[in-house]
Amino acid sequence: MSFAQDVKRELASIVPAEEHCRRAQLSGLLFAAGTFEIASGGHYTVRVSSRLPAVARSALLLLRTMGAHAELRTADTPPAGLRYEVVLGDDPRHLQVLNEVGVLSDSFQVRIGVPVRIVVRHCCRVAFVRGAFLGCGSISPPGSAVHAEFTFESSELAEECRHLLGRLGLDFHVALRDRNAACYTKRGETAADLLAVLGAHSARLTWEEHLVFGEVRGRANRLANCDQANAGRAATAALRQTETIRR
């Protein structure tokens, strides 16, 4: 079980008390993990796909609070393996919810960028980024090389996510790849602050524990090396004194 999965399980348990924050969190999850399909006749299908059942349950719960009852499916295809899919159709209420969270415009056209009206409040920006992390986020385990990332299919979304994180006091960078774009940081303090901002407090404590343990172990090693070096120097000095006396 990876550290990133533990973080997502903790975040998936957070259901914002305010409706506007629930809307923002669902919006972030849809933009990060949603697949939008338009069939013949203009029929919409939206799928939120995740390997973690906790993320699927979170999506279902957020949709239910907005009056939309989605379908839960499982798909087992290589190389992705078993995935959980929350499926929305073109039911009028589903379309209305997609419009409310900023995925569809008032003319029911699919949006590409982060909906500005959804992230006006600070709390809503936090909720949106939390949903985005549930959908496409990852973070390295404590003690290893630091890397926290949001992986988007669109470079525009990655850049807008970077801007949103910057407004939360988190300095991220964007890297373009062949098939996707990454909004990432390799700075330990920023990764730890990300966990705190999103509300993953247990994961943040685990991060801090490893950090403190690493500092204590490093200090102990430095002291041991210092003692060993001092003992070596004392032995060398004593040997020189003994040779001098003999001469």
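These legends go with close-up views of a predicted model.

**View 1. The whole chain, for orientation.** Of its 247 residues, 42% are buried. Take the contacts between residues at least 6 apart in sequence, and 61% of them join residues at least 24 apart. The protein exposes about 13400 Å², and carbon and sulfur atoms supply 52% of that area.

**View 2. The largest nonpolar core and Leu194.** This core has 68 residues. Val7, Ile139, Phe150, Leu165 and Leu194 are the ones with the most contacts inside it. Helix α5 (residues 122–136) gives the largest share of the core, nine residues. Pick out Leu194 and look at what it touches beyond four places away in sequence: Phe133, Ala148, Phe150, Leu165, Leu170 and Phe172. Two of these names, Phe150 and Leu165, are also on the list of residues with the most contacts inside the core.

**View 3. Gln25, a polar side chain tucked inside.** Gln25 sits in helix α2 (residues 19–33). Its relative accessible area is 0%, so Gln25 counts as buried. The side chain still has a polar partner: Gln25 and Arg130 are joined by a polar contact of 2.7 Å between their side chains. Leaving out residues up to four places away in sequence, Gln25 touches quite a list, including Leu11, Ile14, Pro16, Ser58 and Leu62. Also among its contacts are Ala127, Phe128, Gly131 and Leu134.

**View 4. Ala70 beside Leu88.** Look for Ala70 in the loop between α3 (53–65) and β3 (71–77). With a relative accessible area of 22%, Ala70 is partly exposed. Ala70 and Leu88 are 18 residues apart in sequence, yet their C-alpha atoms are 5.3 Å apart in space. Besides Leu88, Ala70 touches Leu60, Leu63, Val86 and Val87, not counting residues up to four places away in sequence.

View 5. Side chains of opposite charge can pair when their charged atoms come close. In the salt bridge between Arg73 and Glu71, the closest N and O atoms are 3.1 Å apart. Arg73 is partly exposed at 33% relative accessibility, and Glu71 is partly exposed at 41%. Arg204 and Glu208 form another salt bridge, at 2.8 Å from N to O. These two are four residues apart in helix α8 (residues 201–246), so about one helical turn separates them. Both ends are partly exposed, Arg204 with a relative accessible area of 21% and Glu208 at 24%.

View 6. Ile38, Val110 and Ile112 make a nonpolar surface patch of about 250 Å². Val110 lies in the loop between α4 (92–100) and α5. Its relative accessible area is 30%, so Val110 is partly exposed.

Methods: Residues numbered from 1 in each chain as written. Predicted model: local features only at pLDDT ≥ 70, side-chain atom pairs only at ≥ 80, totals over all residues. Heavy atoms only, no water. Buried < 20%, exposed > 50% of the residue type's maximum accessible area, 1.4 Å probe, protein only. Polar contact = N/O pair within 3.5 Å; in protein donor to acceptor, adjacent residues only side chain to side chain. Contact = heavy atoms within 4.5 Å. Core = buried A, V, L, I, M, F, W, Y, C linked by side-chain atoms within 4.5 Å. Patch = residues over 30% accessible without salt bridge, like charges linked within 9 Å, V, L, I, M, F, W, Y side chains within 5 Å. Areas by Shrake-Rupley, 256 points an atom, 1.4 Å probe, with all protein chains shown as cover. Salt bridge = Lys/Arg side-chain N within 4 Å of Asp/Glu carboxyl O.
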